[in-house]
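Hello,

Here is the structure I promised to send over. Please have a look at it first, and then read my notes below.

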Amino acid sequence: MHQNLILQIHCDMSNHRTIQTKEVFLQALSSLAVNRLRSWLTIMGVAVGVFSIIAVMTALDAIDKSVESGLTSLGANTFQIQKYPATVFGGGHSRNRYANREDITYKQGVFFRKIMESKARNIGFIITSPANQAKYGNRSTNPDVTMTGGDENFAPANGYIIRSGRNLSSSDIQYAQNIAVLGGELAEKLFPAGENPLNKAIRVNGQVYKVAGVFEKKGAAFGQSQDNLLVIPITRYLDHINEKSSISITVEAFSQDEYRKTIDQATGAMRQTRGLTIKETNDFEIRTNDSLIDSFRDIQRIISTGAFIISFMALLTAGVGIMNIMLVSVTERTKEIGIRKSIGAPRKSIRNQFLLEALILSLMGGFIGIIAGIGAGNIIALNLNLPLIFPLLWITVSIMVCSIIGMAFGMFPAWKAAGLDPVEALRPK
Amino acid sequence: MEPVIISMVSLCRHYEMGDQIVKALDNINMEFRRNDYAAIMGPSGSGKSTLMNIIGCLDTPTSGIYELNGTNVAEMDDDELARVRNREIGFVFQTFNLLPRMNCLRNVELPLIYAGVAPEERHERAEQALLSVGLGDRIQHKPSELSGGQIQRVAIARALVNKPSIILADEPTGNLDTATSHDIMEMFGKLSNEGNTIILITHEEDIARFTHRIIRLRDGRIESDERQ
């Protein structure tokens, strides 16, 4: 008889598992709805954790999509030698390490060029000064124009093409002429409505320059225009603006095949120029398109690690919040648990009900965090003129992490509820 | 003679209170047959609630045998006990113990949910049970919208819905006025006439007089067991 009863019960259980699952789910939802405010507050805890990781990852993914094109700012087969690396990590100490290096002077540049002249297609010098204001007549730009001191090789080495007029010439450099070649955007700003800018005199920071030519537009990188600039002879820059500036040297190799070899030769030539002994390390940086992308990847890795740690902490805290609220819930609903047990609820059913409540809390938090995070990340992307992104990987990871958190922190309260003694639970308090 | 549903042999339930052993039930020997209608009486502390919990499979004896439909319940684990409670026993409590957030229909359906009955059949059976206790028009009401007598009838409907072997009622009229109490007792009488087995706990003589058998407990032992 005993055996028969048990057997029959086991059959019934497996037949009706689906019905039970649905009922348990509905009951969990209705229990959460009773303490609406409490449930929402717990959900928000999870949402914040998920939000931070999704927002950061969406933005980073968006930037990543444009990084290949955006960071390929140097022309083909071209690299740059400069005092500072493309990006500097760390605080004042590492900054100072680079600042203490000797400037790369124009003289050194000329010396370097002499050694390298036959081994490269082009060698050019640049100094860049950001945030200048340009004026023509009574029109003036915002103070966001990049002024570059360069030479005749600047345009080819950086992928600029002359649209009208001419490029800087070697004699312009030699005689430090007060002429300028304008980026497409700057030309449009100063000379709207098709006015011809050639041979007009513009003023930048109190100096007058005659417009010799205009570049084709190159487009934006990272939402920042590369066409809001003017190029003047580097000699003019050193004479009239800042003679102590450290210059950058751009080197264009003869071909893709010779690129690596040219970098090695240039490194040697630069060490010779700087008078370094064998024991000394390079006191200059070689910047390639690859090295720019690499340093972006470094930033990306640091930011995503940071976001991950912060999110993990936030989610852990949210998990503790879930556990706390579920423990309160078990205590409050002791009587309900007793009633359910008295009419035949098995342990598993009680446990699943509470586990499911915890899971619903964390997953709802997860979904809200994902939606808000994608929204915020894409707003950042939009502001940087980047394409919209739907970071599927991170969404999947978030949902999985939320499930784990809900289960892990819901397990103890659920187990506690399932283990309540029905006689004790029913006893009036 | 009707078949034996419940049989208790040398059944004891002891509690340890510090270093003292409290014998809540001490050597109980008793049988209940199908269609019994019995009242368990006794002063507080006599062990009637403990006996009720053991009959209802909410608790297990410390020693002795408790057989329900020929199965020794003392050997069952928690989940097996839960299934026995679900299928063999219908509880009616003094404090009603309905779930306040659910309407009457949902409350009565609850045992059927744990029994895994499909939704349509569940609704139908729960409605039938509510109809049989005279609450056919109140199925969508929540317990808070009903009177004490009505709430107890919902509880009785819930106890009946899974067609249990026994209905166990713990002071079912304890929170009701006299007229309502008598209504409820008439309802139990009707259920008994329909062939149900009913065991109830009470300390009121006039309530016990509705039943066919009165068992008196004192200090965890059976003092008397009379049919009337």
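Helix 11 (residues 289-332) of chain A packs against helix 13 (residues 347-383) of chain A at an angle of about 145°, and their axes are 10 Å apart. Axes here are lines fitted to C-alpha atoms, for helices over the stretch in contact, and angles run from 0 to 180 degrees between N-to-C directions. Helices (H or I, at least four residues) and strands (E, at least two) are DSSP runs, numbered from the N terminus. This is a predicted model, in which local features need pLDDT of at least 70 and side-chain atom pairs count only at pLDDT 80 or more, while totals for chains, interfaces and linings use all residues. Residues are numbered from 1 along each chain as its sequence is written, with chains lettered from A and ligands numbered from 1 in the order in which they are written.

On the helix 11 side of that packing, Ala318(A), Ile322(A), Met326(A) and Val330(A) meet Phe354(A), Glu357(A), Ala358(A), Leu361(A), Ser362(A) and Gly365(A) of helix 13 of chain A (in contact means C-beta atoms, placed from the backbone, within 7 Å). By class, the residues of this contact are seven nonpolar, two polar and one charged; Ala, Val, Leu, Ile, Met, Phe, Trp, Tyr, Cys and Pro count as nonpolar, Asp, Glu, Lys and Arg as charged, and the others, Gly among them, as polar.

Next, the contact between the chains: 27 residues come from chain A and 27 residues from chain B.

The largest nonpolar core has 128 residues, and Leu130(B) and Ala157(B) have the most contacts inside it. Such a core is a set of buried Ala, Val, Leu, Ile, Met, Phe, Trp, Tyr and Cys residues joined through C-beta atoms within 7 Å; buried means 20 or more other C-beta atoms within 10 Å of a residue's own, exposed 12 or fewer, and partly exposed in between, with C-beta atoms placed from the backbone. Helix 3 (residues 36-70) of chain A gives the most to this core, with 15 residues. Beyond its neighbours within four places in sequence, Ala157(B) is in contact with Val108(B), Ala129(B), Leu130(B), Val133(B) and Leu135(B).

Now the strands of chain B. An open sheet of six strands has the order 6-7-8-3-9-10, with mixed pairing (two strands pair if DSSP finds at least two bridges between them). Strand 6 (89-92) and strand 10 (221-227) of chain B are the edge strands. Within the sheet, strand 3 and strand 8 (residues 197-201) of chain B run parallel and are joined by four bridges, with Ile199(B) as the bridge partner of Ala38(B). Tyr37(B) also lies in strand 3 (residues 37-41) of chain B. Tyr37(B) counts as buried because it has 20 C-beta neighbours inside 10 Å. Its C-alpha atom is separated by 8.1 Å from that of Leu200(B), 163 residues apart along the chain.

Finally, there is a hairpin: strand 4 and strand 5 of chain B have two residues between them, and Asn69(B) in the turn has a positive phi of about 50°. These strands run antiparallel, and Leu68(B) has Thr71(B) as its bridge partner.

Best wishes

Notes: Two residues are in contact if their C-beta atoms, placed from the backbone, lie within 7 Å.
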